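Please keep the sequence and the coordinates open while reading.

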Amino acid sequence: MLNQSCCSWIGSILVSSGAARSDPDPDPDPPVLLFDLISLLSPITLRFASIPSIDPIPIALQVQPPATMLEELLIFTRGGLILWSSCRALGAAALKGSPIDALIRSCLLEERSADASFSHDNYALKWTFHNDLGLVFVAVYQKILHLLYVDDLLAAVRREFALIYDPRRTAYDNDFTDIFRQLHREAEARAEEMKKSKQALSSRLPPPTLLAHRKAAPKVRGGGGKPSAASSANKSGDSSDGDSDHHALTNGSSLATRPAAVPSKSKAGKENGAPKDNGAFDVTRLQRLRNKNDKKTNTGAADNNGTKKLTKPDPTKKKGKQDRVWDDKPSNKKLDFTDPADERGDEVADRVAVIEGESMMDKDEDLTSDSEDEEEAQDGPKKKGWFSSMFQSIAGNNVLDKSDLQPALKALKDRLMSKNVAEEIAEKLCESVAASLEGKKLGSFTRISSTVQTAMEEALLRILTPRRSIDILRDVHAAKERGRPYVIVFVGVNGVGKSTNLAKVAYWLLQHNLSVTLAACDTFRSGAVEQLRTHARRLQIPIFEKGYEKDPAVVAREAIQEASRNKSDVVLVDTAGRMQDNEPLMRALSKLINLNSPDLVLFVGEALVGNDAVDQLTKFNQKLADLSAVPTARLIDGILLTKFDTIDDKVGAALSMVYISGAPVMFVGCGQSYTDLKKLNVKSIVKTLLK
Amino acid sequence: MDEWIRQAELWVGQAESWIRQQPSEQIYVAAAVVAVTILVLIAASCLKSSKPNTIVLSGLSGSGKTTLFYQLRDGSSHQGTVTSMEENNDTFVLHSEQERKGKVKPVHIVDVPGHARLKPKLDEVLPKAAGVIFVVDAQDFLSSMQAAAEYLYDILTKATVVKKKVPVLIFCNKTDKVTAHSKEFIKKQLEKEINKLRESRNAISSADISDEVQLGFPGEAFNFSQCQNKVTVAEGAGSTGNVSPAEQFIREYVKA
């Protein structure tokens, strides 16, 4: 209040003086002037008003972020008890909403603890862990401000608090409040100095080249307590040699570029005859090897990198194909061969209903309890430190350090990537596990690799466990009671198996005595409507179709109306496959979903997909969110994983998809007949991934 | 070194000759006594360890389990809680019983996180449970009714819970708020939801849960009295300290 009145008073004085000066102007527009002046002045007045003890820095009317805008610093245990809260201790206003809970639910429990920061409403949050004592330190501040000292402050707070922490004690107000105030002041002063020195430096140096900017791939270097991200632009120029190998996949999450202090050893870009390499020899790889004299690291990422390299020349080839002009151009007549009168088809096709036995959804999974031997990664670098690590593991007093974790994590990451997990996801997961293990004391008689393995197993189990119930039957019954049909929309890119698996889901629902209607909203691909019609005939269920070249959204709406008239329980809506980059098609899909508000949006993805899974799901979610008319957009609710029988144990696509979208895997298609539909067995997937 | 070895050999020789001198019955009696003692010790330790004394606090995320845990332990919830990421595991004497004279047995209470992704932690703890307190948010009940019923259904159909007849207390928390529902309402709604779950789940046997047990009697509406283990409902408020029903439950099932 005081600040507001203060700055408004100063502002009004200046406005009057300014208005007096600018009288000759025909239209001075005082409100705008006032607003500008206040916005310029308020930070300054707040600075003066709130921290009297800070050294008066000559302010030359530059807008500086006010130093006290750190809203809250919270210290709590991993079990949930708040140990110290700066709001309460310093008497500041409490936070609006509950950003801490949102942070825990959507970030820390989703294995994204290696992200740089998290934003919720107007707040930005940064955090750090003390893994040995099981404490979490979270700093909350306004998103529009870019405070530079938060990481620094968090590290300092962690250090100091660990000294006074006692598991039995729950009140730290008296001791810690003063320490915190002092640390806060120190951190701010340090940030000011750094900013001043950086400004001096940047005025002398030429601006960083465009190349460095482009190569600043969003690679997160994990761990907390690193200085600000603003200096990353300068440093990323050095470390970005390996970045050209990796797709700078944008995925909309707030990953800040961190200065890569660790040299690019772990940027697994250089292969040399990895034993798992079974792809064709790639010329581009040879070129890369010749260009770089990097340390040769043994990676199993040869497959993924190889395929990535192979797909890179493809887009250019495809463009060439599109430009080719055929000599005999087909006429623009629509190739629509649907015959409105279907009697001929009916007589010929088999009228016998399909009876293929029980759908595999309802069969118990036979969990073979094979022993869980951990296969040791018999790599060279581990043998070097064998004796010392054995000794330390027996002694048990070893505090885990980042450098200790790196080899084990690298081995795990390679193992994951060899199981077809997207490279980015494997990287993020490994960093999240590192963040949760750093600083922890090893138990006695445990190796680092086994600790890391256990932590990774828990993390994988956590990610793959569904966040909400995947019991569709119950939801269908609930919708039935409300008198409306339950609508499921199948979306996905081209050729993943939407129509096939739609029929399988229909078969399963039929076995539970539910009445199903199919809606043929794929009005683009030739033969799509016929395909569904054949399925409907074999399953003996009604199908709603309007032929080709109609608006799918309208067809869907009419299908749902028809189904509710006929008292059908479930409506399965088939849509056309579309690439995630195709803007008009994504807009059409968004229109369909917004118009009909289905109960379940099922993304159909094939298990063979590699790194593209990340891109597909992010873009789909993004488009659905952007083009939605309502504030709470409908995003992808569930995933249907198809072609699962074609991959033996390379089950990583499931992990990539679930991690990126947060949606659970509801069905798994494992064959091409009606009964080949299963539920995802989380434990067996985790076991397969880490084998 | 050699001297010690010689000394030891001497002692062994002496012991041997002494034993040979004793009448044989005494030796047999001595051996029998030793054997019986060992057997008794083993039996006692077996019996002691098979009786679990863990109380499990479970429920949905945000229902007030961690608050209740700290109320039971320290008598106050300190500065508040956030969503738990790990379980709270402690053995202590209940706060209200600390002033009681005489020997009070400490209670082992485990507060399991309620977040859906941490569900496997509950499966680890349940086999050792002597009693389960299922905490329900009485204020925000209607929006979380389905999820709460599903969670409760999962607990009630676990094979270990049914076989050992583990008692369950449904603790309606946050009744100090004005808009909180009554415990009878909550009980009825939960029974209805579990009934619906029963029908949809009986038709299939889900692939993951292989040890599901049928609840209640088919054809009849579900009622908590149909469960083989005892299910009771109580209300209280964790933040104000009104947790006496939980304490009574604990004292009843963990013998002091």
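In which loop of chain A does A:Arg78 lie? A:Arg78 lies in the loop between strand 1 and strand 2 of chain A, in what is a predicted model rather than an experimental one.

**A:Arg78 and its surroundings**

- With a relative accessible area of 14%, A:Arg78 falls under the 20% limit for burial and therefore counts as buried.
- Apart from its neighbours within four places in sequence, A:Arg78 is in contact with A:Phe129, A:Asn131, A:Gly134 and A:Val136 in its own chain, and with B:Ser84, B:Met85 and B:Glu86 across the boundary to chain B.
- With one of these residues, B:Glu86, the side chain of A:Arg78 meets in a salt bridge, at 3.1 Å from N to O.
- This pair crosses between chains, and its partner in chain B, B:Glu86, sits in the loop between helix 3 (65-74) and strand 2 (88-92).
- B:Glu86 is partly exposed, its relative accessible area being 32%, whereas A:Arg78 counts as buried at 14%.

**The contact between chain A and chain B**

- The contact draws on 46 residues from chain A and 34 residues from chain B.
- Between chain A and chain B an area of about 3700 Å² is buried, and carbon and sulfur atoms give 51% of that area.
- The rule finds three salt bridges across the interface of chain A and chain B, and another pair that meets in a salt bridge is formed by the side chains of A:Glu481 and B:Lys196, with 3.5 Å from N to O.
- Polar contacts between chain A and chain B amount to 13 residue pairs, counted where both residues have pLDDT 80 or more.
- On the side of chain A that touches chain B, at least two residues each come from strand 1 (70-77), strand 2 (82-85), helix 4 (99-108), helix 17 (448-464) and helix 18 (472-481).

**Salt bridges within the chains**

- Side chains of opposite charge can pair when their charged atoms come close.
- A search of the whole structure, over all chains, finds 28 salt bridges.
- In chain A, A:Lys619 forms a salt bridge with A:Asp581, the closest N and O atoms being 2.9 Å apart.
- A:Lys619 belongs to helix 23 (residues 612-626), while A:Asp581 lies in the loop between strand 9 (570-574) and helix 22 (583-596), so this pair ties together parts of chain A that are 38 residues apart in sequence.
- A:Asp581 is partly exposed, with a relative accessible area of 48%.
- Also in chain A, a network of salt bridges links A:Lys413, A:Glu423 and A:Glu427.
- In chain B, the side chains of B:Lys187 and B:Glu191 meet in a salt bridge at 3.9 Å from N to O, and both residues lie in helix 7, four residues apart, which is about one turn of the helix.
- Within this pair, B:Lys187 is partly exposed at a relative accessible area of 31%, whereas B:Glu191 counts as buried at 11% relative accessibility.

**Two further sites**

- A:His184 is found in helix 6 (residues 173-204) of chain A, where it is buried, with a relative accessible area of 12%.
- The side chain of A:His184 is joined to that of A:Tyr149 by a polar contact of 3.2 Å.
- B:Lys174 lies in the loop between strand 5 (168-173) and helix 7 (183-202) of chain B.
- Its C-alpha atom is separated by 8.6 Å from that of B:Val136, although B:Lys174 and B:Val136 are 38 residues apart along the chain.
- Leaving aside neighbours within four places in sequence, the residues in contact with B:Lys174 include B:Gly62, B:Ser63, B:Asp137 and B:Gln139.

**Chain A as a whole**

- Chain A contains 25 helices and 13 strands, and buried residues make up 47% of its 691 residues.
- Of the contacts in chain A between residues at least 6 apart in sequence, 76% join residues at least 24 apart.
- Chain A exposes about 35000 Å², of which carbon and sulfur atoms supply 55%.

Terms used:
Residues numbered from 1 in each chain as written. Chains lettered and ligands numbered in written order. Predicted model: local features only at pLDDT ≥ 70, side-chain atom pairs only at ≥ 80, totals over all residues. Heavy atoms only, no water. Contact = heavy atoms within 4.5 Å. Buried area = accessible area lost by both parts, 1.4 Å probe. Salt bridge = Lys/Arg side-chain N within 4 Å of Asp/Glu carboxyl O. Polar contact = N/O pair within 3.5 Å; in protein donor to acceptor, adjacent residues only side chain to side chain. Buried < 20%, exposed > 50% of the residue type's maximum accessible area, 1.4 Å probe, protein only. Areas by Shrake-Rupley, 256 points an atom, 1.4 Å probe, with all protein chains shown as cover.
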